[in-house]
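I opened this entry to look up a few strands, a helix and a single side chain. My notes follow the order in which I checked them.

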Amino acid sequence: MTGSDGAGRFRALHHGRAADDPLVLPGPWDAASARVFAEAGFPALATPSAGVAASLGYADGSTPADEMFAAVARIARAVDVPVSADVEDGYGLAPKELVERLLEAGVVGCNLEDSADGVLKDPAEHAEWLAGVREAAGDRLFLNARVDTFVRGVDAPEAAIERAAAYVAAGADCVYPIAAPVAVLPLLRAGIQGPMNVLARPGDGPSPAELGGLGATRITFGPGLQRHAEQAVRENAERLATRPTG
């Protein structure tokens, strides 16, 4: 499901929602997990780069671009619901090439973060690059601009709000102040225009409905679901390894 129709369907899911009904986007790491989430009735999915990296045998942030796009394409092909892809900071690609590769992979949107190698990018330069992505994509992709201030040691909500405003002005459809403390979500909601993505931790912390009440438009889980699945595999492996034989 690609192009303006798919992106339009995905974009519409972010608007007109009740405060206690945010859009919940599970994060598949491969085709099998994507099918599980789609069959459970979720209307769309959002891949986590760290979860995909783990499934491919890489550390977070170390997946070669070709392998990430190939993995995302397998996920998108496996399901009939819209898929958005976390493509980190764009892998150094020019906007036109990035857009082409995302569309070739069959996704309707992407996460693009504003730090690289652990360092925040200049917000004006990043906004200019986002504007180039918006221009190249037109309405064919939903752009979720990740704001990395809270994970890079800048705790002031005002810094996240300032970056978010620049990215929305550049054409972002949604902003994602990743790892923002729950206590500052209402302040971020008051200062940010348009949809806001909030990170949830499976089995820990506020529920999606509670996060929606605090200002989240949509909920993603990062690599949390993949790590839960990996833990279940580890526990099964340990049981098998310690089972008496004979």
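I started with strand β4 (residues 109-113), which is mostly covered: five of its five residues are buried, where buried means under 20% relative accessible area with a 1.4 Å probe, protein chains only. I work from a predicted model, in which local features need pLDDT of at least 70, side-chain atom pairs count only at pLDDT 80 or more, and totals for chains, interfaces and linings use all residues. Residues are numbered from 1 along each chain as its sequence is written, and side-chain values use heavy atoms, with hydrogens and water left out. Strands are DSSP runs of E with at least two residues, and helices are runs of H or I with at least four, numbered from the N terminus.

I noted that G109, N111 and E113 point one way from β4, while C110 and L112 point the other way. β3 and β4 pair in the parallel sense over three bridges; pairing takes at least two DSSP bridges. D86 stands opposite N111 in β4. I then looked at β7 (residues 142-147), which runs parallel to β4 and is joined to it by five bridges. There, L112 stands opposite A145.

**T47**

Is T47 buried or exposed? I found T47 buried, with a relative accessible area of 4%. T47 is in the loop between β2 (45-46) and α3 (49-56). Among the residues that T47 touches are P28, V72 and D86, not counting residues up to four places away in sequence; contact means heavy atoms within 4.5 Å.

How values were computed: Buried < 20%, exposed > 50% of the residue type's maximum accessible area, 1.4 Å probe, protein only.
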